[in-house]
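Hi,

Here is the structure I promised to pass on.

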Amino acid sequence: MRLMLFFDLPMNTRKERRAYSRFRKYLISNGFTMVQFSVYSKIFPNRSALDTYMMTLRQNLPFHGSVRAMAVTEKQYNKMYLLVGDKTVTENTLTDNTMVIL
């Protein structure tokens, strides 16, 4: 399973920029990788682990803005169309395989 996280946070004031930065750093420190600006993903071994993590994520959300989450299977994620550009190095490296060869 892959959790896709989409967010649009206000960045008009210093306090809002700080909230954005904290949220983004939280995502990165918890294993999320950036797919595009304000679109992050994280791989989970199963639906149960994803549902458990969602409770933790809800406790770390910013107060303002829009944050959406969507769970997709690896098969669905791999069927995503890439219309312009190339996959990032991170996307090519991180898959649902348990062994990564460096």
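To start you off: where does Ser-38 lie? Ser-38 sits in the loop between strand 2 (33-36) and strand 3. Helices and strands here are DSSP runs numbered from the N terminus (H or I and at least four residues for helices, E and at least two for strands).

Before going further, please keep in mind that this is a predicted model, where local features need pLDDT of at least 70 and side-chain atom pairs count only at pLDDT 80 or more, while totals for chains, interfaces and linings use all residues. Residues are numbered from 1 along each chain as its sequence is written, and side-chain values use heavy atoms, with hydrogens and water left out.

Now the overall layout. The protein chain has four helices and four strands, and from the N terminus on they run β-α-β-β-α-β-α-α. Of its 102 residues, 25% count as buried; buried means under 20% relative accessible area, exposed over 50%, and partly exposed in between (1.4 Å probe, protein chains only).

Back to Ser-38: its phi is near 65°, a positive value in a residue other than glycine. Ser-38 counts as partly exposed because its relative accessibility is 23%.

Ser-41 belongs to strand 3 (residues 39-43).

Patches consist of residues with over 30% relative accessible area and no salt bridge, joined within 9 Å for like charges and within 5 Å for nonpolar side chains (Val, Leu, Ile, Met, Phe, Trp, Tyr). A salt bridge is a side-chain nitrogen of Lys or Arg within 4 Å of a carboxyl oxygen of Asp or Glu.

- Arg-14, Lys-15, Arg-17, Arg-18 and Arg-22 form a positive patch. Lys-15 is in helix 1 (residues 14-29) and counts as exposed, at 68%.
- Tyr-81, Leu-83 and Val-84 make a nonpolar patch of about 470 Å². Tyr-81 lies in the loop between helix 3 (74-78) and helix 4 (89-93) and is exposed, at 72% relative accessibility.

Cheers

Definitions and conventions. Accessible areas come from the Shrake-Rupley method with a 1.4 Å probe; for residues, only the protein chains shown count as cover. Lys and Arg count as positive and Asp and Glu as negative; His and the chain ends are not counted. The place of a charge is taken as NZ of Lys, CZ of Arg, CG of Asp or CD of Glu.
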